[in-house]
Amino acid sequence: MTALLEVRQASKTYTSGGLFGRHVVRAVAGVDFSLTSERPEVFTIIGESGSGKSTLARMILNSVPPSGGSILFRGRDLATIRSRRDRLAFMGEVQPVFQNPFEAFNPLKRLDRYLYLAARRFCGARTRADVEGLADAALRKVGLSLAEVRGRFPHEMSGGQLQRVAIARALVPEPALVVADEPVSMIDASLRMTIVNMFRTLRDTFGVSIIYITHDLATAYYISDRLIIMEKGEVVESGPARAVLDAPSHPYSIKLLQAVLPVGNAWRDEMPAEPRSQPAA
Amino acid sequence: MSLAPDVHPGPGSSAGSAAATAPLLEVSGLKAYYQMRFFGISREVRAVDDVTFTIRRNEIYGLAGESSSGKSTLIKTIARAIRPPLNVVGGTVVFTFEDGRQDIYAMSPAQVAAIRWSRLSYVTQGSMNVLNPVRRIRSTFVDFAARHLGGSRRDFLAAVESHLARLSLDPRVLDAYPHELSGGMRQRLTIALATICRPEFIIADEPTTALDVVVQKGVLAMLREVQQEMGSSILFVTHDMAVHANLTDRLGIMYAGRLVEEGPTREVFQRPLHPYTAHLIASLPRLGDDMRKTGLPGAPPSLADPPTGCRFHPRCPSAVGLCREASPPMEELEPGHRVACHVAKAHAEGRRLS
């Protein structure tokens with residue numbers, strides 16, 4: 001078993017204030033976990049706002065250096081990545097997907113441009129045919145095609161489509177790990193499951209590991225293999241997703257689970273599993 | 001603080017005094033379009049197209065729909081908070097407040113200003129947008145509500161403090177600036193702000209969408225408590241079906257500018273009649289349930305160029321030829337449960353469509 005990502009006692013503290021009235025915030029405190037490269041999985045980080053989950057994601061993406069501990073990707077400490085070439089190689093392997101697709105894209109730029117840029121920068125594609133081929137291949141993985149996206153501006157697409165384009169952009173360099181920070185919280189209910197199912201496809205078909213950051217326990221239960229629950233920067237509970245969410249032991253996890261609004265749990269037994277059968281055409 | 005669905009008053013139980021017989025809000029045939037004319041090119045976005053519904057006294061009416069389904073336009077139109085290019089093209093919005101029945105579009109601007117906040121108030125989505133960041137909470141309360149409550153400043157502040165105490169908020173927050181408070185606390189304050197004048201009708205536009213689950217539960221419980229104590233009606237807008245299941249008495253589903261289904265919340269969740277609603281409910285992920293869920297194929301239609309016939313037919317799994325040609329009217333298929341769908345109607349009548 002070779003490790004894809006190892007997070008070893010990673011912590012991050014932010015200091016505010018000056019010499020007097022110094023104030024230290026511990027955003028992440030001693031988080032430990034690892035992902036293996038043989039078996040891709042959906043690894044979920046759960047926590048409410050301010051629990052440090054986004055800070056942890058930024059440390060994994062190497063955009064924020066940890067103030068304690070280390071993070072290793074394929075055995076190499078992220079702190080040793082300094083040259084532009086190393087950085088590009090790392091970015092080609094670990095890609096982010098952000099929360100709000102409407103803010104992730106510049107409204108004045110065409111969407112295909114982002115895909116072409118990723119293809120040029122990470123894959124070294126030079127000719128127009130190569131660039132377009134890579135963009136099209138990535139879009140096809142998320143159920144779109146270059147013909148649908150070419151020349152379109154962000155306002156011309158729905159939130160679900162935009163988020164799929166954002167995921168396709170992340171897939172252009174064929175990364176081993178995608179870090180998705182609340183990728184569905186801004187997506188409409190009818191399209192949310194499309195995105196969530198896509199993560200499952202990416203794991204099963206394309207062997208991409210996914211770090212899925214969320215506060216929505218229902219989707220976490222639905223797709224994750226393993227999860228950690230964070231409170232105030234510390235991991236309070238970790239383990240296989242179903243086992244943890246079915247029988248949480250830490251008081252904070254229990255509090256989180258109790259706060260989930262039941263969707264018709266009171267009458268779930270009476271509910272049909274499928275949409276009501278109606279006379280077909 | 002229970003949010004269990006069984007505490008909800010049924011649809012009939014809200015009828016109390018004689019004044020309660022007339023519905024609080026009657027919206028009929030409402031059409032609100034964004035009309036733009038630039039350089040001889042005119043463009044019309046039919047954000048709200050022929051919407052009819054009523055809200056009774058003492059009930060929480062939920063409005064669900066995805067972004068760009070017209071729900072924000074609908075509530076702006078109801079509150080008469082519209083400005084060009086949004087225009088009301090047809091239909092009426094009639095309120096029956098304690099002092100009589102009035103069409104909000106027949107009132108003078110002064111009359112509208114008088115009912116705003118005192119009888120008709122608004123809980124917005126981003127609490128930061130309402131609370132002035134450079135004024136203390138106390139001043140914000142004065143800005144919004146002092147004019148409607150009248151009396152001296154001291155009486156007013158005493159009223160604010162007792163109102164906050166009733167909502168289990170510490171009166172000391174009045175001295176704070178918005179940035180000193182957490183998101184949940186700010187959202188509770190916007191609810192306090194919206195209810196200080198004991199309005200008869202409250203519009204709540206996604207008040208909990210920006211909050212996380214633990215905070216959301218507290219805010220919803222508070223809203224429900226305030227509503228039950230004052231006996232006002234709430235129009236609650238969100239795309240989160242779990243919130244609707246736990247809070248609302250009746251539920252309306254909007255799709256592409258039209259109301260497609262409406263009924264008692266429990267009924268809509270148990271027996272959704274419109275294919276869109278059925279899909280929305282079936283695709284909700286639940287804890288303890290690992291059945292495979294699917295997203296709806298396709299994307300919501302553009303309201304500038306909506307599909308012919310039923311606006312849902314390009315994405316509908318049970319669409320038939322008729323759906324492409326004729327727009328289905330909203331019809332009551334079961335008592336209190338209305339739906340706009342050719343297929344559901346035929347099914348209820350035992351016919352088959354081809």
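What share of the 354 residues in chain B is buried? And please take a close look at chain B, along with the side of it that touches chain A.

Modeller: Happy to, and keep in mind that this is a predicted model. Buried residues account for 45% of the 354 in chain B. The overall dimensions fit a globule: a compact one with 354 residues would have a radius of gyration near 20 Å, and chain B comes in at 21 Å, so the two agree. If you follow the C-alpha trace along its principal axes, chain B spans about 70 × 55 × 45 Å. Inside that, you'll find twelve helices and twelve strands. As for how the chain meets itself, take the contacts in chain B between residues at least 6 apart in sequence: 67% of those join residues at least 24 apart.

Now for the side facing its partner. Here 48 residues of chain B are in contact with 42 residues of chain A. Several helices of chain B each supply at least two residues to this side: H7 (213–230), H8 (241–247), H9 (265–270), H10 (275–282) and H12 (342–348). Sorted by class, the side of chain B that touches chain A has 27 nonpolar, 13 polar and eight charged residues.

While you're looking at chain A, have a peek at its strand S1 (residues 3–16), which pairs with strand S2 (residues 23–36) in the antiparallel sense over ten bridges. One of the bridges there joins A:Tyr14 to A:Val25 in S2(A). S1(A) also pairs with strand S4 (residues 68–73) of chain A, again antiparallel, over five bridges, and A:Leu5 sits opposite A:Phe73 in S4(A).

How values were computed:
Residues are numbered from 1 along each chain as its sequence is written. Chains are lettered from A and ligands numbered from 1 in the order in which they are written. This is a predicted model: local features need pLDDT of at least 70, side-chain atom pairs count only at pLDDT 80 or more; totals for chains, interfaces and linings use all residues. Two residues are in contact if their C-beta atoms, placed from the backbone, lie within 7 Å. Helices (H or I, at least four residues) and strands (E, at least two) are DSSP runs, numbered from the N terminus. Ala, Val, Leu, Ile, Met, Phe, Trp, Tyr, Cys and Pro count as nonpolar, Asp, Glu, Lys and Arg as charged, and the others, Gly among them, as polar. Two strands pair if DSSP finds at least two bridges between them. The radius of gyration is taken over C-alpha atoms; the globule rule is 2.2 Å times the number of residues to the power 0.38. A residue is buried if 20 or more other C-beta atoms lie within 10 Å of its own, exposed if 12 or fewer, and partly exposed in between; C-beta atoms are placed from the backbone.
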